[in-house]
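Dear colleague,

I am handing over the structure shown below, together with an account of what was found in it. Please look through the model first and then read the notes that follow.

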Amino acid sequence: MTASLPPSPLSDAQRQQVDALVRELNGQQLDWVQGYLAGYRAALQSGGEAPSVSQPQGAGLTVLFGSQTGNAETLAERLTEQARAKGLEVECFDMDNFPTRRLKKEQRLAIITSTHGEGDPPDNALGLHEYLHGRKAPKLGQLKYAVLALGDSSYEYFCQTGIDFDTRLAELGGERLIERVDCDEDFDEAADQWIASLLDKLSAEQPTAGAEHAPITVASVTQGQESRYDRKHPFTAPMLDRVTLNGRGSSKAVHHIELSLEESGLNYTPGDSLGVYVQNDPALVGRVLEHTGFGGEETVTLKDESVRLDQALQHHLELTRLTPPTVQHWAKLSESSELNTLVDNKRELIQWLHGRDLLDLLQAYPVDGLDAQALVDQLRRLPPRLYSIASSQAAVDDEVHLTVAAVRYEQRGREREGVGSTWLADRLALDETAPVFIDPNKNFRLPQDGDTPIIMIGPGTGIAPFRAFMQEREALEQAGKNWLFFGDRNFRTDFLYQREWLQWRKQGLLSRLDVAFSRDGPEKVYVQHRLREAGAELWRWLEDGAHIYVCGDANAMAPDVHEALIDVASTHGRKSRENAEQYLRDMTRDKRYQRDVY
Amino acid sequence: MSDSLPEAEQIKRESRYLRGSLRESLADKATGALREDDTHLSKFHGLYQQDDRDLREERRQQKLEPHFQFMLRLRLPGGMLTPNQWLGLDEVAEHFADGSLRLTTRQTFQFHRVFKENLAPLIQHLDGLGLDSRGACGDVNRNVVTNVNPHLSASHQTVYETAVQISERLKWRSAAYEEVWLNQPEKQTDEEEEPFYSYLYLPRKFKVAIALPPHNDCDVLANDIGLIAIEEKGEIAGYNIAVGGGLGMTYGDRDTYPRLATPVGFVPADRVVDACEAIVAIQRDHGCRTNRAHARFKYTLDDYGLDWFREQFAEVHGQPLEAVRDYTLTDSGDRFGWTEDDEGFHHLTLCIPSGRIRDFEQLKLRTALRTIAKIHSGEFRITCNQNLIIARVNKKERSAIQKLVDHYGLDDGSRSTPLARNAMSCVAFPTCGLAMAESERYLPELTGKIHTLMEEVGIGQEAIQLRVTGCPNGCARPYLGEIALTGKGPGKYNLYLGADTGGNRLNRLYRENIDEPQILAELKPLFERYARERESAKGFGDFLYQSGILSANTGPNDFHEPLIARS
């Protein structure tokens, strides 16, 4: 580890001390120390007093986040930073790293969590969620808390995990600092408001905290140098290249897209996603205008901003997915008894929403004398789309690569398209720009130790982060063994990045490559079948400390893969089903089983 | 010594009698290709790894591997099969290949676009039909060819049987074929697996043909061993043996050249299989193994001389060659339409352009032949000119078959121009890895244009032999064409002229690296002269010599040095 470092300015004794310490630390501890050092240095440079490593004293705020894609984590960091700026003593934990026995003593707790799949907690929230709902859950009479829930309102169990925490903490005796807020995909604004009200409430409660300490910003390991671009200030990245990855005759259209981050100062780490602010199809906007009788030049107000209606529809509002508030709003406007009955039944409403867009609503329930502002009032903001990054900067420098499946299907006699994927795949021209930001995902990271073997399970576009992993491991010459499971429809046309995988295998970087193609033969074969077939060796890898990564479809693939892994652990590890499940839970807790599923 | 051996030679020697890692290669689902080393070994099993070259660049950009696929060739000595086998092969083409059967210039079938996962099922299917692909490619004796239609006389039957016997004798024998393709368990290998070839096999491919004069459908002198049957009193007395034929060459390498086999002697009929084995043994032991471009038998003979060969033969065979007997070879084309033999059977020779049997837009050729196979009780025979004989039709069946021929519009020679029905081409693009220019896909257009030229000067009904290949390696026997084109680059060909129609004289390089307008411009004045002055000559190739346009062959440089340099 020390061989390639520049000459050390440390004394021998200092160096030995550092070496001795560093050797004892695990990955997370290393992260922390690195952040600490960055903060320490920042504090020194700003002339402040050097902070101490010891825990902050007194009743501060504890922030816990449960995050799958990194949004909750981003918001937790935002809260932490702003709270510190106000002089509060704040500790921020990934829920998995939070010692549950501390709960009994916590005074003030903020929980930010997303919801996953059918109302399930994200992977790193599973443990705490289970603990709080179990028999060992403590009485929490001392606790004041606040919950921010993230979700997607087009799912039936919208923000369910946040609701669960909020409800349960109250049941256990906790007192709400502020009301829970449920955020939809366009969470920024609502989340900022929640943060502001929480901080107001906390400041009102504890006006004493001074600001004599320079705030320690835990610098992210992933972002060496800060960029001026972020989610709120996206960088306009020129598109450098776009190729279709599927061969002739394929039933799929997956695109490899290369964007330039040159001069953005943006840095990312394999596992991160790229957020992209996309645009609706002008043709769809045209049809919405046509159906409502607007010309498009009407002015509407979005938040405090005045925008032309056509611009609002194309750039700012979501047209391709409906949410319950939109339909509820429309039920009132249209005075349709049918629609009013529908919105009273949540379950039916959610089913009805599925696969319908604004145009469907407009066509089915016309509104006479519609006002342009009324049209846009209850439409969700067009959220940025997140794509797992398919490249490593160690290999591609200031480029960022994406693997985007163009979503197209026909429903109710009309061609429909995924907004983001088709914008990137069709409508954005080469050299045009896309507004982007890095969406870090600390829950999807290569092992700190480059010698650790990894098993990557990434069918379809789930392959993207693994291309990044391999580029990284190749560039850093990491010795850990790598094993990929990939699947798609047809071998000859749909093996994404096949040439590169074969090349890595030939070089010896990729130790093993197992593929499953579901539409080549009479029987549908998927990655989970290959996992079971390779069970014995897979188990040996796990016992050798391998990390497992799963990326791709959340609905069918991830649960099927999970089941297969349980089977492998029980068959080859000779475990009962419960113990096999526990084995995987332990792996999740130890960050050896990480998922990026959507 | 072995350090300097070419890769192919090393791989073959270390392959454990052609097993290599073929089983592992086939089990690897992540690629449509075999492991590099196995691509050499697979040839011995009758298959070539290829890729669709039309898609190569596109797939590279798509980050996909090339569109790998295989050409699989049958071992089918004498080119004979039953209607039942025909139906089986038709199914194979449908389920495991690209829906086509291709008749080759070595009297067998090729399947194209066979994907890796379909190879074993295909070969198992062949096995069920009593057919195999063992040694159809690779450094061993290849498919033994002979003049077709043995039922025209008892001698033809003898010649056919001899072809089968030679093929069986010179077949490679290791159990690798059964283990790799037919699911037999792997066994320990030892030298008894290959008593004749041993682990060395041959330095290069080896070809044997038998002609029954005066016909030379099989271009007998283009083979390493050309056997010319000598009939006496209605029986085959024995065979003149010609050695050292072979057409392949490499552009720019003057050490390589096409060569016709030299008649060196005669062996009695009952010793001919042994004689062939002795000759192959000489090549096995003395052929060049350090340079594959010099490894064909023709170069061994040119290196050591024919006297050396005769001595070797006498020693290995145990008996010296007898003196060459008289013979005449007059024609190498097919005789289209119906013929009747002395037993009263009827035979119909059909013209199959480039040997490609497929359901085309206009011509449902594969369906037609499948329908015929269902009612046919005789045999099918493939000619060395890529055509097909529906053989041994009894008198009662003839009209039913003729009805189908009419119904589907099959060509009994009357539906095509003489130029087109005698033309041959190799496969070339998009599947052949060696092709430099189009061949099969280009042939119909080219024959149309050349025929037009011929019509213009009134020789449209002359049967001039045209042969086109995509590279200089000789698959459609280009150097025996009266007119031949060999691919140099996209749209560019070398023009060779002047072979005779009996397969006795090679052509020579006339113009180098020219495109279609230049080709037509070169041919036009020659056709004009031929039309005016041809009375004394029987064929176009002969005419070119008799008129002095070409002068007598001078040697290997004829194939590298164009007669007319760049104009």
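**Findings**

Of the 598 residues in chain A, 40% are buried, a residue being buried if 20 or more other C-beta atoms lie within 10 Å of its own, exposed if 12 or fewer, and partly exposed in between, with C-beta atoms placed from the backbone. Please note that this is a predicted model, in which local features need pLDDT of at least 70 and side-chain atom pairs count only at pLDDT 80 or more, while totals for chains, interfaces and linings use all residues. Residues are numbered from 1 along each chain as its sequence is written, and chains are lettered from A and ligands numbered from 1 in the order in which they are written.

**Chain A**

Chain A holds 22 helices and 21 strands; helices (H or I, at least four residues) and strands (E, at least two) are DSSP runs, numbered from the N terminus. Two residues are in contact if their C-beta atoms, placed from the backbone, lie within 7 Å. Among the contacts in chain A between residues at least 6 apart in sequence, 76% join residues at least 24 apart.

Two helix pairs in chain A deserve attention. Helix H7 (residues 282-292) and helix H8 (residues 309-316) of chain A have axes that come within 10 Å and cross at roughly 135°. Axes are lines fitted to C-alpha atoms, for helices over the stretch in contact, and angles run from 0 to 180 degrees between N-to-C directions. H7(A) is therefore oblique to H8(A); angles under 35 degrees count as roughly parallel, over 145 as roughly antiparallel, 65 to 115 as roughly perpendicular and the rest as oblique. On the H7(A) side, the contact is made by A:Pro282, A:Val285, A:Val288 and A:Leu289, and on the H8(A) side by A:Asp310, A:Leu313 and A:Gln314.

In the second pair, helix H20 (residues 535-543) and helix H21 (residues 557-572) of chain A pack at an angle of about 85°, their axes being 9 Å apart. H20(A) is thus roughly perpendicular to H21(A). Their contact involves A:Gly535, A:Ala536, A:Leu538 and A:Trp539 of H20(A), together with A:Val568, A:Thr571 and A:His572 of H21(A).

A:Arg412 sits in the loop between strand S14 (408-411) and strand S15 (414-417) of chain A, and counts as exposed because it has 11 C-beta neighbours inside 10 Å.

**Where the chains meet**

The contact takes 16 residues from chain A and twelve residues from chain B. On the side of chain A that touches chain B, strand S7 (235-244), helix H18 (498-507) and strand S19 (512-517) of chain A each supply at least two residues. H18(A) gives the most to that side, with four residues.

**Chain B**

Helix H7 (residues 154-169) of chain B has 16 residues and reaches 23 Å from its first C-alpha to its last, close to the 22 Å expected at 1.5 Å a residue; the expected span is 1.5 Å times one less than the number of residues. Its buried residues are B:His156, B:Val159, B:Tyr160, B:Thr162, B:Ala163, B:Ile166 and B:Ser167. These lie on the same side of H7(B), because they cover an arc of only 160° around the axis, the arc being that of the directions from the helix axis to the C-beta atoms. Among the elements that cover them are strand S8 (225-232), strand S9 (235-243) and helix H9 (272-286) of chain B.

In helix H12 (residues 365-375) of chain B, the buried residues are B:Leu365, B:Leu369, B:Arg370, B:Ile372 and B:Ala373. They too are on the same side of their helix, since their arc around the axis is only 160°. They pack against helix H5 (83-96), strand S13 (356-357), strand S15 (388-393) and helix H13 (395-408) of chain B.

Chain B also has cis peptide bonds. One runs from B:Pro213 to B:Pro214, with omega near 10°, and another joins B:Phe429 and B:Pro430, with omega about 5°. B:Pro430 lies in the loop between strand S16 (424-425) and helix H15 (443-456) of chain B.

Yours sincerely
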